[in-house]
Amino acid sequence: MAKITLSGLAHSYLPAPKSDEDFALKELNHVWDDGQAYALLGSSGCGKSTLLNIISGLLIPSQGRVLFNDRDVTEAPTAERNIAQVFQFPVVYDTMTVRQNLAFPLQNRGANAKYVAERVNQIAQMIGMEAELDRKARGLTADAKQKISLGRGMVREDVNALLFDEPLTVIDPHMKWQLRTQLKELHHEFGHTMIYVTHDQTEALTFADKVVVMSEGRVVQIGTPQDLFERPEHTFVGYFIGSPGMNLIPADVRGSRAIVAGSEVALGRSYGEPDGKVELGVRPEFVRFAPEGEGLSARIKRVEDVGRHKIVRLEFGEHDINAVMSEEEDLPSGSAFIRFDPVGINIYSNDWRVQPQGGQVQ
Amino acid sequence: MNKTVNQKAWFLVLPVLVLVAFSAVIPLMTVVNYSVQDTFGNNVFFPAGLEWFRDTLQSDRMWASLGRQIMFSAIILAIEVPLGIFVALNMPKKGAWVSVCLVLMSLPLLIPWNVVGTIWQIFGRVDIGLFGYLMAQLGIDYNYTQDALDAWFTLVIMDVWHWTSLVALLAYAGLQSIPDAYYQAAKIDQASRWKVFRYIELPKMQGVLLIAILLRFMDSFMIYTEPFVVTGGGPGSATNFLSIDLVKVALGQMDLGPAAAYSIMYFLVVLLISWVFYTVMTNIDKRGGA
């Protein structure tokens, strides 16, 4: 178990990177606290696997250092780092039985036979494969194989960190949920530092204490699921997380007022006069209907009932806006008046969130 | 579901039947025809029953050739398969050198058999051959035309030079298909180099190695041209392999009946051993999957 420090870390796959564009992973400073569960969330090609491979030692970064506790392991080979990693696709030793597969990492480290047998049984129970222990891994289904991979990752108790690279891609949906819950329980039980790479926000938000959102090689926000929901630091976080994502509307911001599509909106707080590309961001959950004649005039295009709530697709000026309404809410038809709850309003300048100045303004 | 009865469909199979008939069945039947008849010339034949088969089975010469043949194939497989795997493991995985290696390794495979024979026939000669001359200069008594061991040595080296590439290329293809994640997982599991080979590389190469072994077995078991050019079966009958012996019976002595019986048995032996190989190796596969 270890605290992992990334200091000035950056990586480029090119031999002589020139511009920022050449970096698959842009400069990053971060400390992964010991015993926390993190999720690395981002779309494909955002650099999350690069970051994971740097931590596991499969890749040596072009700049910066990686520290496990206080030991510099930037150049240390994977075997020395004492980490476990589970890959996107199942990696099993085909010719071995399930039992031998699970025992392999322990035996290679010279653990005694009694301990290995005990630990393997314990892990088999956890992944629900006790019945298949003596079968060859070769003939098993993809999700059974992936369970073996997970099991092999967890079999060592003394690992510095457990890394998961989209491990549930090939698993059935119901099994996914079950395994994720087990991983979480395991985390509570053993307190390993866990880093879980995924592009699935549900997976990230349910698994992790803290979510690290990445976009185009940059870490755009590190925060609790609640932070990401309420105060996205970057427009990417706004629309990547949430279903549907945050509404972003170009705005002209003057202090605590904004002009959007010709109408004035109260922001609740003062933002000064941000320059560059200024946008107002509001999550669908904070869009409300206003009494006739008040607020902003919009038109309802479509209503989607997803069971728990309704998603209302609105046309506001030339922008599309989504709103999430409870099942009980009565919806006007055709034209409607909407307002934005000031609590849920964020202002972005060139995609980054503008800190409000001072406290609440009426 | 009701099946439509349409006997015209048989016509669709006809081209294949004709093709197989002309390529395999008819030539084989002519051999069968010879094997059960005797002739005193003038194209007059008498039925001879199974006499030729009996004769061939009692011929010491045939048994000696078969023994040499099995020995040769065994040596070839024992050298070429491990060597081919070793070469494949040491070939670069990516970069410009990959194509260089591939081209260099394919070259011997592209040379016609009799040319290979001629190359080694000259290469090994003590008077003008580079290899033979070098051996003589080193004071090693090497002469493949006089010494049986030297003749064997030359033939084995020649076959290894000619065909190891095939095993290496097949094994290389097998290795290339292993995803990087396997090697990464092995590093994380602290598997030794040997264990990586034993538990990742070898199982993943199993399919292509089966093909390589089968091909090399069949080819070496039926080898004719190269030893014919290099040693002609000599010195004495030291390198008289089955096919060389067979040609001596058929064309040297013009014993068509015995030669035909010989051919059929030769064919059946190749068929049988290939079948055994295949069954054994695919069973290993199945047992794993059970």
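This is a predicted model: local features need pLDDT of at least 70, side-chain atom pairs count only at pLDDT 80 or more; totals for chains, interfaces and linings use all residues.
Residues are numbered from 1 along each chain as its sequence is written, while chains are lettered from A and ligands numbered from 1 in the order in which they are written.

Visitor: How many helices and strands does the secondary structure of chain A come to?
Guide: Helices (H or I, at least four residues) and strands (E, at least two) are DSSP runs, numbered from the N terminus. The C-alpha trace of chain A spans about 75 × 50 × 35 Å along its principal axes. Within chain A, the secondary structure comes to nine helices and 24 strands.

Visitor: Of the 362 residues of chain A, what percentage count as buried?
Guide: A residue is buried if 20 or more other C-beta atoms, placed from the backbone, lie within 10 Å of its own, exposed if 12 or fewer, and partly exposed in between. By that criterion, the share of the 362 residues of chain A that count as buried is 43%.

Visitor: Are the helices H3(A) and H5(A) roughly parallel or roughly antiparallel to each other?
Guide: The axes, which are lines fitted to C-alpha atoms over the stretch in contact, with angles from 0 to 180 degrees between N-to-C directions, come within 8 Å for helix H3 (residues 98–108) and helix H5 (residues 142–154) of chain A, and they cross at roughly 30 degrees. Angles under 35 degrees count as roughly parallel, over 145 as roughly antiparallel, 65 to 115 as roughly perpendicular and the rest as oblique. H3(A) and H5(A) are therefore roughly parallel.

Visitor: Which residues of H5(A) make the contact with H3(A)?
Guide: Two residues are in contact if their C-beta atoms, placed from the backbone, lie within 7 Å. From H3(A) the contact is made by A:Val98, A:Asn101, A:Leu102, A:Phe104 and A:Pro105, and from H5(A) by A:Ile148, A:Gly151 and A:Arg152.

Visitor: Is A:Glu166 buried or exposed?
Guide: A:Glu166 sits in the loop between strand S7 (161–165) and helix H6 (173–190) of chain A, and its phi is near 45 degrees, a positive value in a residue other than glycine. Because A:Glu166 has 21 C-beta neighbours inside 10 Å, it counts as buried.

Visitor: How many other C-beta atoms lie within 10 Å of A:Asp351?
Guide: A:Asp351, in the loop between strand S22 (345–349) and strand S23 (352–353) of chain A, is not a glycine but has a positive phi of about 75 degrees. A:Asp351 is partly exposed, and the number of other C-beta atoms within 10 Å is 17.

Visitor: Which peptide bond is cis, with omega near -5 degrees?
Guide: The place to look is the loop between helix H9 (235–240) and strand S11 (247–250) of chain A, where A:Pro244 is found. The cis bond, with omega near -5 degrees, runs from A:Ser243 to A:Pro244.

Visitor: Which helix gives the most to the side of chain B that touches chain A?
Guide: The contact takes 21 residues from chain A and 16 residues from chain B. On the chain B side, helix H8 (180–188), helix H9 (193–221) and helix H12 (256–289) each supply at least two residues. With six residues, the helix that gives the most is H8(B).
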